[in-house]
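Hi everyone, thanks for making time today.

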Amino acid sequence: MAKTSPYATGELSDAMMLILACVSAHPVHGYRIMRDLAIRSEGAVQIGPATMYRVLKGMRDAGWVREIGDDSSRIKYQATEAGMRVLGRDLSRRKLMIKIATESLRREG
């Protein structure tokens, strides 16, 4: 049985969630996303260019981000309303997972 695409289910991988969160506030180019994630996570999150642009292309094709051209050679990406809805649902799902895991750890401790 073929695995269902996260672009169909809206269940985002960690990289997808972080990239979508980065483009939710304002238009930003891929290199800046990679750099900002590495800095903000103190090096714990490293997303390479192949993953970055594969995910951005998939999100664009799914209608979750749009490309914004400007005077520079870099394309900027901005979350669409559909992308914001997917991000909101995924964050709610992750909060629930963290709650369940935290409660389980408390019971064991």
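Let me start with a definition: a residue is buried under 20% relative accessible area, exposed over 50%, and partly exposed in between, using a 1.4 Å probe and protein chains only. With that in hand, Y7 is partly exposed, at a relative accessible area of 26%.

Now the ground rules. This is a predicted model, where local features need pLDDT of at least 70 and side-chain atom pairs count only at pLDDT 80 or more, while totals for chains, interfaces and linings use all residues. Residues are numbered from 1 along each chain as its sequence is written, and side-chain values use heavy atoms, with hydrogens and water left out.

How confident is the predictor? pLDDT is its confidence in each residue, from 0 to 100. The chain has a mean pLDDT of 91, and 94% of its residues reach 70 or more.

On to the fold. Helices (H or I, at least four residues) and strands (E, at least two) are DSSP runs, numbered from the N terminus. There are 5 helices and 3 strands in the chain, and from the N terminus on they run α-α-β-α-α-β-β-α. The C-alpha trace spans about 55 × 35 × 25 Å along its principal axes. Of the 109 residues, 30% count as buried.

Among contacts between residues at least 6 apart in sequence, 58% join residues at least 24 apart.

Let's look at the sheet. Two strands pair if DSSP finds at least two bridges between them. The 3 strands form an open sheet in the order β1-β3-β2, with antiparallel pairing. β1 (28-29) and β2 (65-68) stand at the edges with a single partner strand each, so one side of each has no neighbour in the sheet.

Which residues face each other across these pairings? β1 and β3 run antiparallel and are joined by 2 bridges, and H29 has K76 as its bridge partner in β3. β2 pairs with β3 (residues 76-79) over 4 bridges, also in the antiparallel sense. There, V65 stands opposite A79, and E67 stands opposite Y77.

Next, the interior. A nonpolar core here is a set of buried Ala, Val, Leu, Ile, Met, Phe, Trp, Tyr and Cys residues joined through side-chain atoms within 4.5 Å. The largest one has 22 residues, of which I19, L20, V23, I33 and M59 touch the most other members. The elements giving two or more residues to this core are α2, α3, α4, β3 and α5, and α2 gives the most, with 6 residues.

Helix α3 (residues 30-40) has G30, I33, M34, D36, L37 and A38 as its buried residues. Their cover includes α2 (14-25), β1, α4 and β3. Just after α3, E42 takes a positive phi of about 55°.

M59 is worth a click in your viewer. Not counting residues up to four places away in sequence, M59 touches Y7, M16, I19, L20, W64 and V65.

Two of those residues bring us to the aromatics. Rings of Phe, Tyr and Trp (its six-membered ring) pair if their centres lie within 6.5 Å; planes under 30 degrees apart count as stacked, over 60 as edge-to-face and the rest as tilted. The structure holds 1 aromatic pair. The ring centres of Y7 and W64 are 5.5 Å apart with planes at 40°, so the pair is tilted. Y7 lies in helix α1 and W64 in the loop between α4 and β2, so the pair ties together parts 57 residues apart in sequence. W64 counts as buried, at 6% relative accessibility.

I'll finish with two threonines. T80 sits in the loop between β3 and α5 (81-108) and is buried, with a relative accessible area of 18%. Its side chain reaches the backbone oxygen of G63 at 2.6 Å. Leaving aside neighbours within four places in sequence, T80 is in contact with G63, W64, V65 and R66.

The other threonine, T51, lies in helix α4 (residues 49-62) and is partly exposed, with a relative accessible area of 28%. T51 and M16 are 35 residues apart along the chain, and their C-alpha atoms are separated by 9.3 Å.

Conventions. pLDDT is the predictor's confidence in each residue, from 0 to 100. A polar contact is a pair of N or O atoms within 3.5 Å; within protein, one must be able to donate a hydrogen and the other to accept it, and residues adjacent in sequence count only if both atoms are side-chain atoms. Contact means heavy atoms within 4.5 Å.
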